[in-house]
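Subject: The model, and what turned up in it

Hi there,

Here is the model I promised to pass on. Could you have a look at it when you get a moment?

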Amino acid sequence: MVAIEKIVTKKVSVLVAEQIEEMIKNQTLKPGDKLPSIRELCEQLDVGRSAVRDALLTLNGKGAVHMKQGEGAFICEFDSKNLFNQTAISAEKRHMKELFQVRKILETGAAAAAAKDCTGEDIQALEILLTDSLREWGADYKFHLKIAKMTGNPILVQLMEFISATMTQAMKDFHVQISENGEELHRIMEQHVRIFEAIQAADPNQAKRAMMEHLHHVEKLLLEKTSQK
């Protein structure tokens, strides 16, 4: 019997991001140009605010758009040949394993480097984020991103931002689902605590192991949730 893949329907946010990317590629939008406001984009594209926000987050993670607090979104300087194609990398199930493989490579190394190079100020900031890390996806993301920033490597941070932007909707949905499971929330918080304690103890090997355990667990849960859809 011939194996036929299911047709994957693209999310509205993906379509919005693709349309903006196309405008960048054909130079309708140029480096330094300011994008219309979220409200204006919603009206022009006839889509909801969440779709526009998620599209901008994806483009920000790719380095195509820069978000300035209180000012809006601006087109970045970049080589259009290096712009990732959202149809090639997405958060659909068929790419989830590949995305987590990259996360494991990046974040276990980041945790180990953070354990070696962190300052007392870094530890204090990470501890504050730890206490709030399961409130919602954004707080969880800030905890992981802070660990990457503690390495002092801006390229690593940009890669983390891109991967996270690609997985935004899947991780938001995941957090909504586990918020109803107190036992699972407790388990994931324990994993975050072990990561924090290893970094605080300046133990790179333990930090790497703790991060790997955490990412493996989240990947397993996320793939199970995706399979149930």
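First, the ground rules. This is a predicted model, so please keep in mind that local features need pLDDT of at least 70 and side-chain atom pairs count only at pLDDT 80 or more, while totals for chains, interfaces and linings use all residues. Residues are numbered from 1 along each chain as its sequence is written, and side-chain values use heavy atoms, with hydrogens and water left out.

Overall fold

The protein chain has 10 helices and two strands (DSSP runs numbered from the N terminus, H or I of at least four residues for helices and E of at least two for strands). Read from the N terminus, the order of elements is α-α-α-β-β-α-α-α-α-α-α-α. Of its 229 residues, 43% count as buried; here buried means under 20% relative accessible area, exposed over 50%, and partly exposed in between, with a 1.4 Å probe and protein chains only. Taking contacts with a separation of 6 or more, 70% are between residues 24 or more positions apart (a contact being heavy atoms within 4.5 Å). The chain exposes about 12900 Å², with carbon and sulfur atoms supplying 52% of that area (Shrake-Rupley method, 1.4 Å probe; for residues, only the protein chains shown count as cover).

Salt bridges

Searching the whole structure gives seven salt bridges, each defined as a side-chain nitrogen of Lys or Arg within 4 Å of a carboxyl oxygen of Asp or Glu. One of them joins Glu219 and Lys104, at 2.7 Å from N to O. Glu219 sits in helix H10 (residues 204-227) and Lys104 in helix H4 (residues 93-117), so this pair ties together parts that are 115 residues apart in sequence. Both Glu219 and Lys104 are buried.

Another pair is Asp122 with Lys146, whose closest N and O atoms are 3.4 Å apart. Here the partners come from helix H5 (residues 120-131) and helix H6 (residues 137-149) respectively, so the bridge ties together parts 24 residues apart in sequence. Asp122 and Lys146 are both buried as well.

Within helix H9 (residues 182-200), Arg187 and Glu184 are three residues apart, about one turn of the helix. They form a salt bridge, with 2.9 Å between the closest N and O atoms. Arg187 is partly exposed at 30% relative accessibility, whereas Glu184, at 8%, is buried. Shared partners link Glu183, Glu184 and Arg187 into one network of salt bridges.

The buried side of H8

In helix H8 (residues 168-178), the buried residues include Thr168, Ala170, Met171, Phe174, His175 and Ile178. These cover an arc of only 165° around the axis, which puts them on the same side of H8 (the arc is that of the directions from the helix axis to the C-beta atoms).

Two loop residues

Asp46, although not a glycine, has a positive phi of about 60°. It lies in the loop between helix H2 (38-45) and helix H3 (49-62) and is exposed, at 70% relative accessibility.

Ala202 is not a glycine either, and its phi is positive at about 55°. Ala202 belongs to the loop between H9 and H10 and is partly exposed, with a relative accessible area of 47%. Its C-alpha atom is separated by 8.6 Å from that of Ala112, 90 residues apart along the chain.

Best wishes
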